[in-house]
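Reader: I have a structure to go through with you. Could we take it topic by topic?

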Amino acid sequence: MRAHYLTILRDTERRARLALRTQNLEEGSPWYGAYTQPDGVYQAKYAIYQVASLVAVYCNRESVFYHEERALRSLLLGLDYVDRVQHENGLFDYVTCNFFSAPDTAFCIVKLIPHLQYLRAQQALDENERLILERIEKIVHAGGRGLLQGGFHTPNHRWAIASVLCMCAKLFGEEDLREAAFQYLNEGIDCNADGEYAEKSAGNYNGVNNDAMLLLSEALGDPAYEQHVIRNLHMMLTYWEPDDSVFTANSTRFDKDRLVYPQSYYIEYLSLGVRYRIPEFLAMANCIMDIVERRHVEAPDVLMDLMNQPELVACEAEECGMPQSYHAFYQDSGIARVRKGRFTYTVMRDKSNFLYVHNGSIKLAVKLGGSFCEHRAFKAQTMTQDETGAFHLHQTMRGWYYLPFPEKPATSDWWQMDNASRPKKLGPDMDIDIIIRENGDALELDVRTSGVDGAPWRVELAFNGITRISNPHMTMPINGDEVLVLKDSFFEVSNPGASMEIGPAFGLHHFTEGKEDSEVKTPGAATVYLTDYTAFHHVITIRP
């Protein structure tokens, strides 16, 4: 992928220029040699990423920065800063969140490992290159030893720590690092049969986990770890939206509902596509770089990985593109993804926004909301698929009330009472069933509530990307945060490039946001409410 390589080199040079412009050169400053983050904060991780770009272009014979004095001076000052802020035990702080942090140290060290490997592999180093190697080796080795301190917060942290421990064990010949890694690996990798990791983070941590699995495979010589990545990458082929973005609404982490493009998956698709001869992976690698050009986003930060694996640069594949048609139901993960050209829809278990529809440039999120005891919105407990391909979502909302203790409690302080052990009066229960089925080119949403009468509930249709809404009674422009209750007929939402027809509408009450602590509307969306009193049965058609 020679053309990809040149694009990646170009964007790495751009990052190097940014690093040169943002380095603190004030002698006597505690941040002397560091690089200013966009928010003005200085810290080790950001400095390491800037240094990594500078080292890559400094060592690359095709770069305008090859053996350039200014780049050398900057990266050495940057390494000096990193060395100063690395604690005596080898750990780094992530100053906006974590201190003496093993996982953040792993994320720092893993960025420098390919650079260390590249420099070690060169047959002859000049004096400056040897100096760079010595500085990087010192930081990486100290960081690897620091990981013996342990400690993590989230599932992916385990694999970041374990993979760096294993690679450091291999790089420095220290078996205790490898033994420490297996304390984490003994828990088993949290990648299910669908290829989904525990955090369901398609916009960020899936890629982080995949990179850790590939590093473990390399460090341990065990290709079994690559199989988790292959499963995830097959699953991710069904996670791309018509606007080239990644579907992120199922994430449990910060990337939920963010606009994310798939650059981080490039090196994974390319390397495993080459190694295992998977043509759809190579096609996706080509597609990702097309997205980089089309969307004017930064190329993946993998120049040193390609310098270490020249066979990936030499590989050429003509296939390009992401799948345009699929009907995937990932039962373990509780998510279905369906695509028909420029139209996708997603159905999810245990999410208040249980349905997402994407029609090119219009995004629709669907919620069934209201208040019933402690419940504020429908969240499917079960999700099944019938022989026609339709999805059936179900939730039983249990009603209950506390009863007095049968014996006098030890305290009259409510907050000190053992309220969890109180007897309860049970009932009534509300049952909600939703069937989502295709009918020709349309999607039908069949909503039924039962068990409780007279509760004011609503279907919330939250639209992003629309500029107009109209029905037989009116047409109005949309700025992006409007709220409407429509009482009857079909209506159309549109922008200059796309439209959807939805209906028929129904509006038997005027919903007030926040009443009875009901779940609030989707932020930033133009929202249409369809309202009724339980029990009710409505079929809503969504037609692109």
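Reader: Which residues of helix 9 are buried?
Author: In this predicted model, the buried residues of helix 9 are Y225, E226, H228, V229, I230, N232, L233, M235 and M236. Buried means under 20% relative accessible area, exposed over 50%, and partly exposed in between (1.4 Å probe, protein chains only). Helices (H or I, at least four residues) and strands (E, at least two) are DSSP runs, numbered from the N terminus.

Reader: What do the buried residues of helix 9 pack against?
Author: They pack against helix 7 (175-185), helix 8 (205-220), helix 10 (266-276), helix 11 (279-295) and strand 3 (325-330), where contact means heavy atoms within 4.5 Å.

Reader: What are the conventions behind this?
Author: The model is predicted, local features need pLDDT of at least 70, side-chain atom pairs count only at pLDDT 80 or more, and totals for chains, interfaces and linings use all residues. Residues are numbered from 1 along each chain as its sequence is written, and side-chain values use heavy atoms, with hydrogens and water left out.

Reader: Changing topic, how many salt bridges does the structure hold?
Author: It holds 33, each being a side-chain nitrogen of Lys or Arg within 4 Å of a carboxyl oxygen of Asp or Glu. One of them joins R145 to D176, with the closest N and O atoms 2.8 Å apart.

Reader: Where do R145 and D176 lie?
Author: R145 is in helix 5 (residues 127-146) and D176 in helix 7, so the bridge ties together parts 31 residues apart in sequence.

Reader: And N60, buried or exposed?
Author: N60 is buried, at 3% relative accessibility. Beyond its neighbours within four places in sequence, N60 is in contact with Y5, L9, Y66, L303 and M307.
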